[in-house]
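Work through the exercises below with the sequence and the model at hand. Each task is followed by its solution.

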Amino acid sequence: MQQLFVQLKNRQVFKVATIYVVAAWPLIQIIDLAIPALGLPDSVMALVFKVVIIGFPVALIFAWLINFTTRGMVLASVDESKPNAPWINFRATLAIAGSLALALGITIVSQLVVEQPATPLSSATSTESAAPTVVDDRQSIAVLPFVPFSKDPQDEYFVDGMVEELLNLLANIPDLQVAARTSSFAYKGVTDKNIVEIGQELGVDTILEGSLRKNDVENRIRVTAQLIKVSTGEHIWSETYDREYRDIFRIQDDIASAVAEKMKVTLLGNNEEQVEFAVGTESVDAMVEYGRGQKELGHRTAGSLELALGYFKRAVEIDENYARAHVGIADATSLLALYGSLPPQKARVDAEAAISKALELNPNLGEAYASRGLLLTDVDHALAEQAFQKAIELSPSYAMAYMWYASLMKDRGNYEKSQELYEHAYKLDPKSPVAAYNLAWGFYNGGSEAKAMEMFTQIIANDPYYPGAYTLVGNILTNRGRLDEAIEMFQRALMVDAENKTAVYGLLMANMDMANAKAVEYWFDYAKQRPQVFAASEIAFMEARHNATLGKFEVAIGFLEEVADNFGDPEVEQFIRGEIAFVKTDYEAAVAAYEELWNPDKNAPTFLYHMFDGQAMLHLAYSYQKTGATEKADAVIAKHEEYLKIGLGRKPNDPHYYYNLSMISALRGDTEQAYNYLQGAIDVGWVQSWKIAAEPIFDGFSSEERFQLMLGGVNAKLATMRTRVQQKEQSIASAGA
């Protein structure tokens, strides 16, 4: 051992070890700071650690074998003049090499074999039987936008429309998974990536690409198409079609048939089943208008949805038998109720008429069933689920069917199934900001805030002009009580979409909670100047909330009464009537209103679980207590507690979860537990201290010193954030002066 120690010292092993550690530590610190700034995933940090750990024994081995001298690098050894020098060299080298090799082996094994994969999101027991697992082992294809060899913008719309229809034709092949239009068209004009790279990013087996050249003089077109295998880059099939311009639909059918045939022979096991292709339209002009509508539909802004609706209506005017265009009308109409000011009831009527027409024209149109499922989600969960399952059966590659179905599962409390469906939709459409947005919310609802933020980075990388990415982070920050940071994200959303309703609502509510009166006034004026986005009833509803935050409950009731019969959504109107009665302490009227929204015989959660962050359900329980219906009150409390544990209980960082449990404890008379849960809510970001004054459930102990101290800490935090926001606003105003 003494000889080994001398050898280690002479061969500079100790010196190299010291230098390695001293150099590695600041390097790790720098990389740790650089990763979020560069938008890199957390896995990069893990990789750096592995490289540093594995590199350490390698560095020691080199130090043992080689010394750095004034004569350069030389092989290290003991003095050859000493007795048994060769034997000493051999034994020491064998010992140190064996030890380091063992250390290196253990390190590699621990990283690659012993280390377990990351634990998936924790599952929760649901009151609903699990839907069938989404398993998709089909062969897959992406159709990239064909390249038009023309400078005429109309030709670009024409070729995009042709590819859109081609995608729909290929989606009819049962054994083929087709990447969604959003993801395929994300590579339009991309020249710095080859087919293999694109295929790997889209997660598909094959790529169909091509070009189109039009001869306006002879009214003819030449379409070239080729099918490429992603794993090898080899061409499976290629063909050129020279036809009349108006014969484009025959070309689409020929290409789809050829692809289907080649895919069967080479990839699908030579399945002899014939595929029937149903052409969507035989009008070039209708096809072009439909393609324009689909492009606008994907942006999810009030302005783009209005444009999309106009394009789809023009497509139907040109060809009234164009079933997919009718579906486009339904989707744009339904989404305008969410992103614009279209009253929900009118949206339902108009969308249902368009869906019925589409199914009359094509009873096997999966997209129409998906749209019907979306329409029924807030009306009848069972019928909505049937519609989504029919849509997936008919169009297994339609990403929106899975996405909307996932939202239904989330509403029913089945978070595990919901996330599985969101992930499948994202797999089908990995470049879609909407699919990524929903997946991110699924991660957040499952308690994985880090994964949600990682998805935000991916959304911005794919589409930096998608406002939903910024509202996503803004809502997460708001939920965690970081209102000043949330305001910055909502303002970014408005920079890319000046009429983004979610962003304006976010700015209003954050500034209300901070009691930043000047900013609240500014954003109310901002909303009122945009009647095409914000209906008068929606603004009045927010005015009611604002006055509640100020403790002006009579004024708040006045605004609520103004919108009770004019909101456009029967369930929201009924909820408002219940809240008006509750604030007025007319508990019998409150029970009557709430009971119309609450059906205890249903297994699935109902509307009241979601309204007012779930607290409307507990207002019903309190109203039952005040009217002497204690058994009903206990049943409602137990049902809501059960829902929290299977739903929001998956979000240990959600303040509303703990706040609801605090209210439940107060209703049960367990003051100590109510304090504990309220402190838990504060610890994870609850800052809506104004609610306490408006909440009779806390009347029993809200005046206690302990309670006031807890709220004092929250109010101090709000004051700090308010000052920070105001200083920034003043700084911006000064810079612009």
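The model is predicted, so local features need pLDDT of at least 70 and side-chain atom pairs count only at pLDDT 80 or more, while totals for chains, interfaces and linings use all residues. Residues are numbered from 1 along each chain as its sequence is written, and side-chain values use heavy atoms, with hydrogens and water left out.

**Exercise 1.** Describe the surroundings of Q688.

Step 1. Q688 lies in the loop between α30 (671–683) and α31 (690–693); helices are DSSP runs of H or I of at least four residues, numbered from the N terminus.
Step 2. Its relative accessibility is 11%, so Q688 is buried (under 20% relative accessible area, 1.4 Å probe, protein chains only).
Step 3. Not counting residues up to four places away in sequence, Q688 touches D513, R545, D613 and H656 (contact: heavy atoms within 4.5 Å).

**Exercise 2.** Which residues touch the most other members of the largest nonpolar core?

Step 1. A nonpolar core is a set of buried Ala, Val, Leu, Ile, Met, Phe, Trp, Tyr and Cys residues joined through side-chain atoms within 4.5 Å.
Step 2. Among the 149 residues of the largest core, they are L472, L508, I576, Y659, W686, F698 and F707.
Step 3. Helix α15 (residues 399–411) gives this core its largest share, 10 residues.

**Exercise 3.** Where does the charged end of R530 sit?

Step 1. A charge sits over a ring if NZ of Lys or CZ of Arg is within 6 Å of the ring centre and within 35 degrees of the ring normal.
Step 2. The charged end of R530 is over the ring of Y526, 3.6 Å from its centre.

Note on methods: Helices (H or I, at least four residues) and strands (E, at least two) are DSSP runs, numbered from the N terminus. Buried means under 20% relative accessible area, exposed over 50%, partly exposed in between (1.4 Å probe, protein chains only).
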